[in-house]
There are 2 protein chains.
Amino acid sequence: MTFADARAMFPVLQRLAYLNTGSFGPLSSGTAAAMAEEGQRDLADGRSGLAYFERGLALPDELRALKAELVAAPPDTVALTASTTDGCNVVLSGLGLRPEDEVITTTDEHFGLLGPLHASSARIVVVEPTAESILAAVSPRTRLLAVSQVLWTNGRILPVHELREASGLPILVDAAQSVGAIPVSVQGLDFVAIPGQKWLCGPDPTGALVVADPDALRIARPSSFSFSRDDGFDVAGAFVPRPGAARFEPNWISVATLAGLKVALTQAPDWSFERAAAQADQLRAMLAGHVDVVTSPEQATLVAFRPPDGRTAAEVTGTLMDLGVVVREIPRRELVRASVGWWTNEEDLDRLVAGLS
Amino acid sequence: MTFADARAMFPVLQRLAYLNTGSFGPLSSGTAAAMAEEGQRDLADGRSGLAYFERGLALPDELRALKAELVAAPPDTVALTASTTDGCNVVLSGLGLRPEDEVITTTDEHFGLLGPLHASSARIVVVEPTAESILAAVSPRTRLLAVSQVLWTNGRILPVHELREASGLPILVDAAQSVGAIPVSVQGLDFVAIPGQKWLCGPDPTGALVVADPDALRIARPSSFSFSRDDGFDVAGAFVPRPGAARFEPNWISVATLAGLKVALTQAPDWSFERAAAQADQLRAMLAGHVDVVTSPEQATLVAFRPPDGRTAAEVTGTLMDLGVVVREIPRRELVRASVGWWTNEEDLDRLVAGLS
């Protein structure tokens, strides 16, 4: 696949300098077509019949396998969810943490992780987002590390595998800004929550959760996908769990969404990570002469900077939007954040830089 | 709206005797068109920009109000969910029940309620699905009644308001087979979990949860919709809840799904309940000469019967499917269940009865 081919997959890029994949990735024509086709089928044939339900159950198997391949996970450790938040909630509601337990997190986490942490009833220890600070905060009461692999505020990469190894503690990784953006292997990690609608360019809402040892996590939120089909459940709801992490799947997912996600997961070119990294570096360099860039070199695919000329982040974001340049502000940080993907070209970056002056 | 107009809204009815709304309702052309339009917009314009997010937040407000009107609930007691199961999990994970607490349920509940009950850690007391049995099981340890308003197995209506009043206990109502099928008022009920994709003919997965007193239920599963926009959250995830039951909303819902659901919630004619009830009665009468009907007269819109001639429920369901008649079997009960809606006509019923001989 050439870069021109790749770019042509995403109609939104024809009109906009779309630099907001950290919120929602661009949708490809293939993904949209697969969704539209299934939507039409639902309308004409009804959401019923053996073939329909078989498809609704076979597609999740395929998607778990595709997601597993993407992050070097065994397929039976992957569950399909509706979001990163969903995955964090599944983990934190299942761990049974108590007020005397501590969880270490950082100052730069998204509410999708922080909210579930707060609900866990554990004491949340918040430190600067560096490996040193995180490891220094470990105490005999620490039960879990819960951090992003790439910070949503500024794109910094945290060494989650090193943290796991050095601390010897279970780790919950918020992979909202990493999977699909940079190469990720979940090997050695306990819990990894992944969105489908950001860097994987899937339909919304979609996501996945990796649970390395499904038998060690309580199913706090059972659904009709939780129990073993062979064993069923008793009249009081007790059940034998389905094999693997699929037992944690909280809801039915529409066949249209599954079909769209399948296309999205198989469309990235071999050179995606390399190109995205190069484009992010280029954007950093281009912005450096104009604004105060807060993202360090050689991080992931988010580039954050302070708004120039005493303007607010909201003002800058609004002005850029009027110019067809889509970025976002980071609330309470007064930062503007641009998301760079394997589909981004030089013109997109030029339009962003030109829009700042 | 005439019956012919109503029937013409649902393309699937042109080909199939579609009698499986207890699983998924038929989709109308209007619902599908609204979804397709938003899908096309997502593709061309991207899932971003002020207008997009405003729409993604305004539509839920409209939908909560529409759902509230449908069940006579104050709008601020309604949360949008992905399913009935979702709602049951929100309630049972938030109540903080302990092993010494008891919850009374019936032998005829769906796993969407039973699974969350099992996960609650309370002792689950299972009784026959009659008001007498339920009330007789109340003990000083009973903390909750958790029952269906219409049993998914055979369509029987349970008097949930009477149960609430007679017991003085909080009640969680599984409304999977009632809302949209029969007139429902949630007044006086504590928690009501409602699906969107069954009798309301909405996209899947959709649902709603009514929580009469949102402040009295813990948010066990926070999302980015849980906190007050004015107050935000602190670095450890502590937050001031958003006003009303919307705080319990577990996930973003796609704009296409929201737009489709809006059409679905506004399309039912004034005469919908009356006609559905009449058709269900007619089906009972038509079946009575051929099979053993287990649904009592004057119940809801599900009619269940034993398979004739020593055949299994799976065999009968499969044969009917081959004839273009869509019904389902109820596992472990050896029942065949037909769902009758306001769109059902005599020909649909004739096709079912003819297919049984």
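Which strands of chain A does helix 7 (residues 160–167) lie across? You will find the reply in the second view, after a short note on the model.

This is a predicted model, in which local features need pLDDT of at least 70 and side-chain atom pairs count only at pLDDT 80 or more, while totals for chains, interfaces and linings use all residues. Residues are numbered from 1 along each chain as its sequence is written, and chains are lettered from A and ligands numbered from 1 in the order in which they are written.

**View 1. The open sheet of chain A.** Seven strands, in the order 2-8-7-6-5-3-4, make up this open sheet with mixed pairing. Strands are DSSP runs of E with at least two residues, helices are runs of H or I with at least four, and both are numbered from the N terminus; two strands pair if DSSP finds at least two bridges between them. At the edges sit strand 2 (78–81) and strand 4 (123–127) of chain A, each pairing on one side only. Strand 5 (residues 142–148) and strand 6 (residues 171–174) of chain A run parallel, joined over four bridges; A:Leu145 has A:Ile171 as its bridge partner in strand 6 of chain A.

**View 2. Helices across the sheet.** Helix 7 of chain A lies across strand 5 and strand 6 of chain A, at about 170° to strand 6. Helix 4 (residues 84–94) of chain A lies across strand 2, strand 6, strand 7 (191–195) and strand 8 (207–211) of chain A, at about 160° to strand 7. Here axes are lines fitted to C-alpha atoms, for helices over the stretch in contact, with angles from 0 to 180 degrees between N-to-C directions.

**View 3. Helix 2 meets helix 2.** Helix 2 (residues 29–45) of chain A packs against helix 2 of chain B at an angle of about 180°, with the axes 10 Å apart. The two helices are therefore roughly antiparallel, a label for angles over 145 degrees. A:Ala32, A:Met35 and A:Gly39 are among the residues of chain A that meet helix 2 of chain B, where the residues met include B:Ala32, B:Met35 and B:Gly39.

**View 4. The wider interface between chains.** In all, 63 residues of chain B are in contact with 63 residues of chain A, contact meaning that C-beta atoms, placed from the backbone, lie within 7 Å. On the chain B side, helix 2 of chain B gives the largest share, nine residues.

Terms used:
Two residues are in contact if their C-beta atoms, placed from the backbone, lie within 7 Å. Angles under 35 degrees count as roughly parallel, over 145 as roughly antiparallel, 65 to 115 as roughly perpendicular and the rest as oblique.
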